[in-house]
Amino acid sequence: MSQHSRDIVMDAWKAFAGHDADRISEVFTEDAEWLAPLGNATAVALEGSGHLIGRKAIVRFLAEDFPRFFVRDVTVTFHGIYADGDRVIVEETMTATLANGNHYANDYCFVFELRNGLIHRVREYMDTARGHRMVFGEEKGGGPGSGQP
């Protein structure tokens, strides 16, 4: 089961990279959720939420918003992919050129929860302060240890 779960997530990652809405839609449950830290730089810049609810919202973000924000040279380097039953953890670094011309590089950890062979929930973790510096040129929030991004 773990290898099958890992394969599902890696196939989904290929769909994300292609920004094809139909292909992305096929990998999520109808009631899927994508949870990222509140106030993360991407959500702030796109005037969106760190919590996407439902397949349509997730597909719209991955197929439309993501390529509008991360406009070129998007590279994902996987550092680890770990599966246990219906849970898959992905460690990666993503680099890209942003729409404002800034270079972006950040480390991520994603926890994918599968249900019936589809992605039901994604929890995304990243360095929010680093993201803000790269997107906006300054650190937002209260700094390390404050609980604020």
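Residues are numbered from 1 along each chain as its sequence is written, and side-chain values use heavy atoms, with hydrogens and water left out. Because the model is predicted, local features need pLDDT of at least 70 and side-chain atom pairs count only at pLDDT 80 or more, while totals for chains, interfaces and linings use all residues.

Helices (H or I, at least four residues) and strands (E, at least two) are DSSP runs, numbered from the N terminus. Helix α1 covers residues 2-18. Some of its residues are buried, a term used for a relative accessible area under 20%, with exposed meaning over 50% and partly exposed in between (1.4 Å probe, protein chains only). The buried residues of α1 are Ser 5, Ile 8, Val 9, Met 10, Ala 12, Trp 13, Ala 15 and Phe 16. Asp 11, also in helix α1, counts as partly exposed because its relative accessible area is 44%. Between Asp 11 and Ile 24 there are 13 residues in sequence and 9.9 Å in space, C-alpha to C-alpha.

Just after α1 comes His 19, with a positive phi of about 55 degrees, although His 19 is not a glycine. His 19 sits in the loop between α1 and α2 (21-25) and is partly exposed, at 26% relative accessibility.

The interior comes next. In soluble globular proteins, nonpolar side chains tend to be buried together. A nonpolar core is defined here as a set of buried Ala, Val, Leu, Ile, Met, Phe, Trp, Tyr and Cys residues joined through side-chain atoms within 4.5 Å. The largest such core has 41 residues, and those with the most contacts inside it are Phe 16, Phe 28, Trp 34, Phe 112 and Ile 119. Two or more residues of this core come from each of α1, β1 (28-35), α4, β3, β4, β5, β6 and α5. Helix α4 provides the largest share, eight residues.

Not counting residues up to four places away in sequence, Ile 119 touches Ala 12, Phe 16, Val 27, Phe 28, Thr 29, Ala 32, Phe 112, Glu 113 and Leu 114. With neighbours within four places in sequence left aside, Glu 113 is in contact with Asp 86, Arg 87, Leu 118, Ile 119, His 120, Arg 121 and Arg 123. Glu 113 and Ile 89 are 24 residues apart in sequence, with 8.9 Å between their C-alpha atoms.

The model also has pockets. On a 1 Å grid over the protein atoms alone, a pocket is an open set of points where a 1.4 Å probe fits, with protein on both sides within 12 Å along at least five of seven lines, and lining residues have an atom within 4 Å of a point. Grid points are joined across faces, edges and corners, and a volume is the space filled by probe spheres set on the points. The largest pocket has a volume of about 670 Å³. Of its 35 lining residues, Phe 61, Leu 62, Phe 66, Phe 70 and Glu 124 are the closest to its centre. Among the elements that give two or more residues to this lining are α1 (2-18), α3 (41-45), α4 (55-69) and β3 (70-84). Helix α4 gives the most, with six residues.

By class, the lining has 21 nonpolar, nine polar and five charged residues. In this count Ala, Val, Leu, Ile, Met, Phe, Trp, Tyr, Cys and Pro are nonpolar, Asp, Glu, Lys and Arg are charged, and the others, Gly among them, are polar.

Beyond four places in sequence, Val 71 touches Thr 97, Leu 98 and Ala 99. Asp 73 is also in strand β3 and is exposed, at a relative accessible area of 52%. Asp 73 has a positive phi of about 55 degrees although it is not a glycine.

Technical notes. Contact means heavy atoms within 4.5 Å.
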